Every structure is written in structure tokens, then in C-alpha cells.
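Dear colleague,

Please find below the structure that I am handing over to you.

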Amino acid sequence: MAIDFKEHIASVQDFPNKGIVFRDITPILQDGELYRAATHELAEYAKSRNADVIVGPEARGFIVGCPVATELGVGFVPARKPHKLPREVERASYDLEYGSNSLEMHKDAIKPGQRVVLCDDLLATAGTLRASKELIENLGGKLVGAAFYIELPDLKGREKLPDLDIYSLVQYHGA
């Protein structure tokens with residue numbers, strides 16, 4: 001029986017004056033059966049892309065990506081916010097509607113030629129996805145897919161990386 005994950009995602013007015021609704025996956029994370037089912041679906045996607053490694057952007061990407069990597073028996077690489085990683089790092093900047101930021105990965109995190117799937121909670125404007133793709137490619141890897149719990153198609157994140165295979169458990173159109 002297929003699970004309707006949309007039933008388990010909470011909605012909260014995040015920026016009411018802009019009509020932005022925040023989609024919260026916490027109810028899924030709090031239910032072991034739902035969390036395992038969501039993880040399994042993302043892992044099946046990553047397996048279909050022949051992933052050698054999973055990358056997860058800070059912070060929900062850790063929660064989403066680590067169990068996917070564990071289920072597949074592959075490594076997990078965190079993409080962290082600035083100045084949180086020891087050793088030498090590669091950095092990529094990105095812009096969002098409310099400012100800019102950057103992500104970092106250890107310079108030895110991705111081996112040349114590795115096939116990478118990014119896992120995260122949300123695809124919106126694709127800022128962190130594009131920065132992660134830049135990091136992965138700068139380190140010699142190949143981003144072969146991205147998997148999300150939630151996608152907001154109206155924000156056109158998918159359109160910003162038209163050649164990337166993207167999978168999402170749930171899509172929300174409109175506010």
C-alpha cells in the first residue's frame with residue numbers, strides 16, 4: 001500500500017504577508033514507520049541512479065540523507081554552512097530571496113568520478129542544490145540525481161537545473 005506522505009506534512013504560514021507557506025516534515029520524522037518508508041523511497045531512487053555517495057546540505061539534508069546512505073551501504077557527505085568544517089574545504093555561494101549564503105565540503109569528500117545523489121527535505125528555488133552541484137563537480141564527482149521529501153514547483157527550482165534528474169515524494173502547487 002502506497003503512503004500518501006502529503007497527509008503527514010504540516011503547513012504553517014511562514015511569511016503571511018508574502019503568502020508563503022512553510023511545509024514541515026517533522027510529523028514524518030516523528031513516526032518511525034513513516035520515516036523508514038520515506039527513507040526507503042528515496043533510497044530506491046538513489047539506487048536507481050547507481051549512487052556511490054549521498055550528499056546532504058545542512059541541516060535537514062543530514063536528517064534525510066544519512067539514513068538513505070545507511071540503507072544503501074554508501075558514504076554520506078555533509079554540505080555545511082561556512083566555517084563548520086575542519087581541514088581544507090571547497091566553497092560555493094548561492095542566493096536566496098532573503099540573502100546569500102554558501103556551502104562547504106571537505107576537499108577530499110568526493111572522489112573523482114563518483115556518482116552522487118543529493119538528498120534534502122525541500123526543493124524550492126534550488127539555491128542549495130545548485131551550490132551543492134558546483135561543489136560536487138569541483139571535487140570531481142558527478143551529480144546524477146536529487147531526491148526531496150517536498151518540491152514546490154511554483155518556485156521553479158527544477159527549471160534551474162533542467163538536465164538533472166529530480167525525484168520528490170510530494171509536490172505542492174500554489175500557496
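This is a predicted model: local features need pLDDT of at least 70, side-chain atom pairs count only at pLDDT 80 or more; totals for chains, interfaces and linings use all residues.

**Overall fold**

How does the radius of gyration of the chain agree with that of a compact globule? For 175 residues, such a globule would have a radius of gyration near 16 Å, and the chain has 16 Å, so the two agree. The C-alpha trace spans about 40 × 40 × 30 Å along its principal axes. Of the contacts with a separation of 6 or more, 58% are between residues 24 or more positions apart.

**Interior and surface**

Buried residues make up 44% of the 175 residues. The chain exposes about 8900 Å², and carbon and sulfur atoms supply 50% of that area. As for charge, the chain has 21 positive and 26 negative charges, whose mean positions are 4 Å apart.

**Helix 2**

Helix 2 covers residues 32–48, which is 17 residues. From its first C-alpha to its last it reaches 24 Å, close to the 24 Å expected at 1.5 Å a residue. Its buried residues are Leu34, Ala37, Ala38, Thr39, Leu42, Ala43, Tyr45 and Ala46. An α-helix has 3.6 residues a turn, so residues three or four places apart point the same way.

Which elements do the buried residues of helix 2 pack against? They pack against helix 1 (26–30) and helix 3 (60–72), and also against strand 3 (53–57), strand 7 (115–123), strand 8 (142–151) and strand 9 (166–171).

**Helix 4**

Helix 4 has 12 residues, 127–138. At 1.5 Å a residue they should span 16 Å, and the end C-alpha atoms are 17 Å apart, which agrees. The buried residues here are Gly127, Leu129, Ala131, Ser132, Leu135 and Ile136. Helix 4 is followed by glycine 140, which has a positive phi, near 95°.

**Serine 102**

Serine 102 is found in strand 6 (residues 99–106). Is serine 102 buried or exposed? Its relative accessible area is 6%, and buried means under 20%, so serine 102 is buried. Leaving aside residues up to four places away in sequence, serine 102 touches Arg80, Lys81, Pro82, Arg91, Ala92, Ser93 and Tyr94.

Yours sincerely

How values were computed:
Residues are numbered from 1 along each chain as its sequence is written. Side-chain values use heavy atoms; hydrogens and water are left out. The radius of gyration is taken over C-alpha atoms; the globule rule is 2.2 Å times the number of residues to the power 0.38. Buried means under 20% relative accessible area, exposed over 50%, partly exposed in between (1.4 Å probe, protein chains only). Contact means heavy atoms within 4.5 Å. Accessible areas come from the Shrake-Rupley method with a 1.4 Å probe; for residues, only the protein chains shown count as cover. Lys and Arg count as positive and Asp and Glu as negative; His and the chain ends are not counted. The place of a charge is taken as NZ of Lys, CZ of Arg, CG of Asp or CD of Glu. Helices (H or I, at least four residues) and strands (E, at least two) are DSSP runs, numbered from the N terminus. The expected span of a helix is 1.5 Å times one less than its number of residues.
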